[in-house]
Amino acid sequence: MKIIPVPAFEDNYIWLICDGRYAAVVDPGDAEPVLGHLSRHGLRLAAILITHHHGDHTGGIEALLRHAAVPVYGPRKENIPGITNPVGTGDTVRLPELGVEFAVLDVPGHTAGHIAYYGANSLFCGDTLFTCGCGKLFEGTPAQMHASLQKFAALPDDTQVYCAHEYTLENIRFAKKVEPANRQLLEREVRDLQTRERSRPTLPSTLALEKATNPFLRCEHPAVIEAASHFSGSPLDDAVKVFTAVREWRNRF
Ligand code: ZN
Ligand code: FE
């Protein structure tokens with residue numbers, strides 16, 4: 001099984017999970033690049049997986065369904081046209097054509113019903129966790145988003161992280177404001193700068209790397225607590241308060 005990024009719009013990645021014959025697609029904001037890839041590689045569409053309702057993740061559903069009537073999995077708590085299999089925490093998405101299954105996690109914060117898919121050592125997290133960052137809180141509270149990110153942090157360190165956008169360098173620039181002395185963060189920047197110079201995706205990442213460099217997963221680390229406290233002008237004594245301050249800082253960055 002291979003997982004391939006199909007770039008779309010400015011900085012979206014539509015992820016194709018494929019085995020040489022079949023492909024499932026995660027968050028197809030646009031059908032055209034997906035259909036192009038399928039036909040070039042002789043792949044048959046097996047399923048569509050959706051993380052949340054935003055157009056850059058759902059815009060291609062209708063055209064893909066005209067091409068092939070496949071099951072469409074998506075968040076139970078959001079109203080998205082085309083979804084045939086609404087799912088949430090506790091559900092499993094089985095893709096027999098690809099011999100893979102995914103556990104569904106409710107991860108509210110970016111949107112109220114946002115879900116993620118975890119299986120085959122891979123996490124498809126939409127706009128919840130980003131490489132070295134996290135999604136904006138359009139419909140959720142900081143406490144919800146923090147809890148959602150903690151669900152990811154509990155997964156194995158070697159989990160491959162497939163986010164829906166290429167935001168790494170911008171996020172690293174902010175992360176360095178929070179933790180200017182984080183060695184792994186500085187090393188990551190060198191690597192990812194080189195990757196982007198060659199126009200390659202910096203994704204997937206791993207949870208181990210995110211835990212070591214992503215300020216939003218590091219709200220219990222002394223350096224992050226100190227920086228967030230400094231930003232908010234008073235000592236912050238719990239992880240949700242630290243998360244809230246770092247998110248606010250990022251919004252203004
Ligand atoms: Zn979004
Ligand atoms: Fe998005």
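Visitor: How are the donor residues of the iron ion (ligand 2) spaced in sequence?
Guide: This is a predicted model, in which local features need pLDDT of at least 70, side-chain atom pairs count only at pLDDT 80 or more, totals for chains, interfaces and linings use all residues, and side-chain values use heavy atoms, without hydrogens and water. Residues are numbered from 1 along each chain as its sequence is written, while chains are lettered from A and ligands numbered from 1 in the order in which they are written. Donors are N, O and S atoms within 2.8 Å of the metal (3.2 Å for Na, K and Ca), and sites may look incomplete because water is not among the atoms. For the iron ion (ligand 2), D56 (OD), H57 (NE2), D127 (OD) and H165 (NE2) coordinate at 2.1 to 2.3 Å, and the spacing of these donor residues reads D-H-x69-D-x37-H.

Visitor: What is the arrangement of the four donor atoms around the iron ion (ligand 2)?
Guide: Four donors are tetrahedral if all angles lie between 85 and 135 degrees; four are square planar and six octahedral if opposite donors are over 155 degrees apart and all others between 65 and 115; anything else is irregular. The angles here run from 84 to 167°, so the arrangement is irregular.

Visitor: How many residues apart are H57 and H165?
Guide: Helices (H or I, at least four residues) and strands (E, at least two) are DSSP runs, numbered from the N terminus. H57 sits in helix α2 (residues 55–58), and H165 in the loop between β13 (160–163) and α5 (168–178). The pair links distant parts of the chain, and the separation is 108 residues.

Visitor: Is H57 buried or exposed?
Guide: Buried means under 20% relative accessible area, exposed over 50%, and partly exposed in between (1.4 Å probe, protein chains only). H57 has 0% relative accessibility, so H57 counts as buried.

Visitor: How many disulfides does a search of the whole structure find?
Guide: A disulfide is a pair of cysteine sulfur atoms within 2.5 Å. The sulfur closest to that of C18 is in C163, 19 Å away, which is too far for a bond. C219 is in no disulfide either, since the nearest cysteine sulfur, that of C134, is 8.7 Å away. The search finds zero.

Visitor: Which element supplies the largest share of the lining of the second largest pocket?
Guide: E10, D11, Y13, E166 and R196 are the closest to the centre of this pocket, among 15 lining residues. A pocket, on a 1 Å grid over the protein atoms alone, is an open set of points where a 1.4 Å probe fits, with protein on both sides within 12 Å along at least five of seven lines; lining residues have an atom within 4 Å of a point. At least two lining residues come from each of β2 (12–18) and α5. The largest share is three residues, from α5.
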